[in-house]
Amino acid sequence: MSRALLIQLARLGDLVQSLPVLTALQSAQPERPLDLLCPSPLVALGELFPCVDRVYPWNGEQWHGLATTKTTDCDQRLAQATRYLADCAFPPYSLAYNLNNHPRGMLAAHVLSDLVVGPGEHGPMNQRLPAWAGYLRQIAQDRGSNRVHLADAFCGLCQVLPPSDIPYLKAPELELPFELEWMVRGQPPTLIGIVLGAGDADRRVPLSVWQDLIAACAEHIPQSYLLLIGGEGEREAALALEHRLSAKYLNRVVNGCGRTSLPQLVAILNRCQWVVGSDTGPLHLGAMCGARAIGWYFSRARVHETGPYGVGHYVWQRDQGRSPESLDAHNVRTGGSSSAHWPVMETVNLMREEQMNSTTDEWDLWTSNRDEWGAFYTRDGKSDEAVLRRKDTWEALSQLANPTFQMEVSR
Amino acid sequence: MTVLKQNVGILRQLNQVFAAQILQAPGGALSIQPAKSGMPTALFNSRYLHSAYDPVREAERWAEERIKDCQAGETLVVLGVGLLYHVQALREMLPHDQIMMVVVPDLSEFADCVSVRSLEGWGERVMWLTGSMTDMAVQVTQKAKRVRILSYEPAATVHHDTYEHFRLQLRDHLAQQLSGALHIMVVGPIYGGSLPIARYVVNALEGLGHRVSWVDHSPHYAGYKNLDTIRDHRLRLTVQQRMSETLAVITLAHVAEDPPDLVLALSQAPLTMAVLEQMRRKKVLTAMWFVENFRHLTYWQQMVSGYDFWFVMQQAACLDAFRKAGAKQVSYLPLAAEPDIHQPMTFTQEERHEFGADVSFLGAGYRNRRQILPSLVGQGWTFKLWGNEWDNPGPLAPVLQRGGARIDTPTTVKIFNATSVNINLHSYTGDGFDPEGDGVNPRTFELASCGAFQVVDARTLLPALFDESMMAVINSPDQLLPTVKTYLHDPARRVAMAGLSRKHVLEAHTYGHRMKTFLGAVGMASPDRLGAILQGDRQAESLVARSEQSPELIPMLKQFPQGDRVELVDVAKSIRKKGPEARLNREELLILMMDEYRQEKRDFL
């Protein structure tokens with residue numbers, strides 16, 4: 001039986017945002033095995049995706065080593081690259097879906113399959129983009145009033161409609177570090193994940209703000225417990241945050257930064273009622289694990305492109321004309337310590353399900369929704385013109401799709 | 001049959017003359033004793049050459065460590081004989097077809113060894129090198145292109161000087177065979193005496209066919225100089241330091257954009273330890289040619305571990321000092337001349353009037369010069385003093401030219417050529433001649449290259465570079481005046497000597513010669529990287545011949561001229577030229593994929 005491969009070589013957040021397209025592809029052709037190619041460190045997460053048959057690692061470090069080792073010539077490099085692919089034991093693919101608009105994704109797609117859908121579908125060196133990829137690039141550059149979510153645009157890129165059901169990641173059965181096990185199994189009434197870090201420095205929330213949020217949660221949400229989420233890179237920041245917290249809140253906080261694998265994080269997020277953070281991979285992962293996400297979107301993050309996928313999520317979108325206060329090297333705000341500019345209490349009120357205003361001086365509150373054209377966000381529960389235009393966008397871009405591939409997809 | 005007879009039989013199969021020499025060698029160089037393990041061990045002058053407990057295990061550990069670096073196709077040359085446990089261990093770990101040679105500097109030592117240790121089963125697969133150091137170097141280079149030297153220190157130390165001589169011979173012979181082109185990044189200083197040398201080095205390397213990227217920091221001089229307007233001394237030093245650090249990061253950016261095979265820095269190049277460490281992490285080899293007196297400028301002590309290779313213009317004490325301070329590789333590389341710049345010339349009437357003199361000195365006003373040069377004033381000849389840093393010149397005031405302005409290189413050449421007797425006094429901050437004077441200054445080579453006559457103060461390293469038929473050498477300040485008088489009245493002798501000195505520069509002391517030596521040394525020290533490239537391993541014809549692992553590559557490689565160096569980036573470029581509609585085979589896709597990763601720079605700075 002022919003197999004298909006979906007290629008997603010970007011970071012955690014993009015991989016999580018690829019779950020809807022994987023789900024849609026699998027339900028479009030349930031009999032066809034669908035594999036995933038993703039960065040090596042994310043393979044363990046990919047293996048939890050229910051719609052994926054096999055997950056193959058793409059080891060960027062190893063490729064970089066092959067390309068830059070000083071002692072090898074072209075001949076040896078090529079032999080080593082061939083050996084690398086042989087060791088991966090890829091099966092033959094009749095079709096590769098490439099979600100990455102960069103040469104590595106395009107080349108990988110052509111190495112592994114003769115037929116490619118997505119960037120590179122006109123040839124490995126052909127810069128002509130398919131309609132949906134061109135649309136995404138234009139959005140990234142112009143930041144227009146689009147409302148097609150990135151995860152749904154991935155579906156368009158692969159020529160399927162968004163999945164009929166929102167995909168969720170189930171908790172795997174595995175052991176957790178003792179302290180985390182105690183917190184998760186103890187079934188606290190409200191478990192809130194706090195996503196400390198972000199891949200890009202300009203998306204990091206200052207520690208003083210997290211400090212205020214934790215204090216506010218502890219004071220206003222009875223029996224709430226807070227879990228600090230992050231990778232190795234956030235260990236230091238998490239320790240610093242713990243030092244800043246008043247002793248009376250410490251028994252309500254557990255530091256999970258750098259202490260979990262991705263499957264363990266999925267297990268924990270499955271037990272969280274809420275997850276709060278900026279536009280980061282763990283925030284999206286939390287949403288896919290069933291937690292309700294509250295995003296603080298600033299810098300270049302835009303709710304309509306990358307808001308947490310699904311329903312029941314919130315995003316505080318900072319006024320695009322403003323940028324948050326600058327951070328120093330230790331992730332601490334340099335301009336005073338007031339949290340007045342961050343929607344701290346507003347976020348706590350959301351978690352308390354209280355009525356509140358949907359705007360502050362600097363932040364707008366958006367709520368997630370979903371229909372047949374995918375996920376979208378509204379303010380005050382009202383769909384505006386831009387939301388309605390998504391249907392037109394889908395229809396227009398789908399007509400521009402390459403008929404060869406449409407045929408292949410339908411087959 | 002005794003062990004010796006059996007061994008001689010084995011050696012006879014390899015080299016009859018060598019076998020006969022062993023039989024005639026007196027022996028007795030080594031003292032043989034049983035080790036605790038029961039195997040024989042050896043002492044030389046009461047020092048153990050092998051373990052007193054288990055020489056076999058010790059040798060295996062030595063070989064296991066060395067073999068990690070050895071690459072297929074390299075010829076291994078072992079220094080250090082002793083009882084050859086290390087040679088046997090290494091031979092038995094190597095592939096059967098890998099060539100291994102052992103330098104035998106002392107037949108008696110070898111005879112002692114083969115009297116107690118059998119060569120059977122491994123000694124037949126070793127090339128035993130004997131004879132003069134030159135003969136041995138020739139034998140190596142006739143058989144091998146890529147040479148890796150492995151030194152078994154306990155036994156090699158016994159013949160340290162001999163092996164050093166062998167290394168130099170081998171380096172020079174290998175340098176003659178270089179055919180491949182490196183990409184070398186030359187990093188110059190912001191200003192100072194090493195700046196023109198950096199230019200000469202760039203020209204010389206380009207002249208040898210290498211691709212050179214020159215990171216020229218001299219355009220930043222005006223800004224750097226402008227910092228002198230900061231009056232507070234500590235503040236000024238801090239800002240100057242910061243500026244140097246920024247220039248170091250700029251250098252790193254150049255390295256990231258177009259990674260070279262080797263970075264060659266000249267003294268005073270603004271490279272910091274942090275930047276050098278980053279280059280090391282990125283696998284960029286670095287070398288420094290320290291063209292300063294190591295006793296006067298001592299900042300090298302803080303930088304010594306930063307560079308992979310050091311080249312210095314002094315020997316013995318200097319080499320020892322660098323090694324003790326932690327230099328991984330340090331070699332003697334004297335200065336030289338650039339004959340395209342420093343050459344004989346003719347003058348206009350005006351030029352002869354301005355620059356001509358019976359006697360001249362060009363240089364900065366160091367203490368010893370201020371003390372010695374006044375003796376040349378008022379002697380009935382014309383004496384001109386050129387150069388800067390002559391504040392308060394005292395009795396030299398009447399002869400100081402251009403008010404003590406700095407003299408540029410073209411003017412320097414005119415002064416040298418227009419002077420009958422050029423005085424060349426090496427700088428010294430004390431009185432008289434530097435009692436530790438060893439290194440030879442660039443002026444010596446430049447005067448010679450101009451075909452200009454010079455009187456120079458004695459330096460311990462001078463006789464190995466020029467002899468006294470080429471220049472007048474004085475051993476003390478009081479010899480200066482009579483020597484000048486003698487030669488001033490003997491123009492024919494002056495012309496003959498200067499002619500010989502110029503001829504000798506052209507034969508042996510240009511920057512081209514120095515760069516050949518330099519490349520021979522770095523190639524020998526890094527056989528799998530620089531050595532392989534220098535020997536032409538990355539040239540198209542060589543790659544085609546060795547493409548048995550990936551025959552699909554051959555058509556791509558055949559597009560390049562045979563002698564061109566071909567790297568991943570070149571093959572990738574040729575693939576991209578096929579255009580956006582091209583269909584690519586798997587190998588072409590993989591080449592492009594690797595080229596994408598090659599361009600990754602995100603963590604360079």
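In this predicted model, helices α1 and α2 of chain B pack against each other with their axes 6 Å apart. Helix α1(B) covers residues 3-14, and helix α2(B) covers residues 16-24. The angle between the two helices is about 150°. Angles over 145 degrees count as roughly antiparallel, so α1(B) is roughly antiparallel to α2(B). From α1(B), the contact takes in Val8(B), Leu11(B) and Arg12(B). These meet Gln16(B), Phe18(B), Ala19(B), Ile22(B) and Leu23(B) in α2(B). The contact of α1(B) with α2(B) has 6 nonpolar residues, 1 polar residue and 1 charged residue.

The crossing of α3(B) and α4(B) is right-handed. On the α3(B) side, the contact residues are Pro55(B), Val56(B), Ala59(B), Glu60(B), Trp62(B), Ala63(B), Arg66(B) and Ile67(B). They meet Tyr85(B), His86(B), Gln88(B), Ala89(B), Leu90(B) and Met93(B) in α4(B). By class, the contact of α3(B) with α4(B) has 10 nonpolar, 2 polar and 2 charged residues.

Chain A holds an open sheet of 5 strands. The strand order is β3-β2-β1-β4-β5, and the pairing is parallel. In general, strands of a sheet pair through backbone hydrogen bonds. The edge strands of the chain A sheet are β3 (55-58) and β5 (116-117), each of which pairs on one side only. Strand β1(A), residues 4-7, pairs with strand β2(A), residues 34-39, over 4 bridges. Within this pair, Leu5(A) has Asp35(A) of β2(A) as its bridge partner. Helix α6 of chain A, residues 103-112, packs on the sheet. Helix α6(A) touches β1, β2, β3, β4 (95-98) and β5 of chain A. The direction of α6(A) makes about 170° with that of β4(A).

The two chains also meet. Contact between them involves 35 residues of chain B and 26 residues of chain A. On the chain B side, α22 (527-534), α25 (568-576) and α26 (586-598) each supply at least two residues. Helix α26(B) gives the largest share, 12 residues. The side of chain B that touches chain A has 15 nonpolar, 4 polar and 16 charged residues.

Terms used:
Residues numbered from 1 in each chain as written. Chains lettered and ligands numbered in written order. Predicted model: local features only at pLDDT ≥ 70, side-chain atom pairs only at ≥ 80, totals over all residues. Left-handed = near helix turned anticlockwise from the far one by under 90°. Contact = placed C-beta atoms within 7 Å. Nonpolar A, V, L, I, M, F, W, Y, C, P; charged D, E, K, R; others polar. Pairing = 2+ DSSP bridges. Axes fitted to C-alpha atoms, helices over the stretch in contact; angles between N-to-C directions. Parallel < 35°, antiparallel > 145°, perpendicular 65-115°, else oblique.
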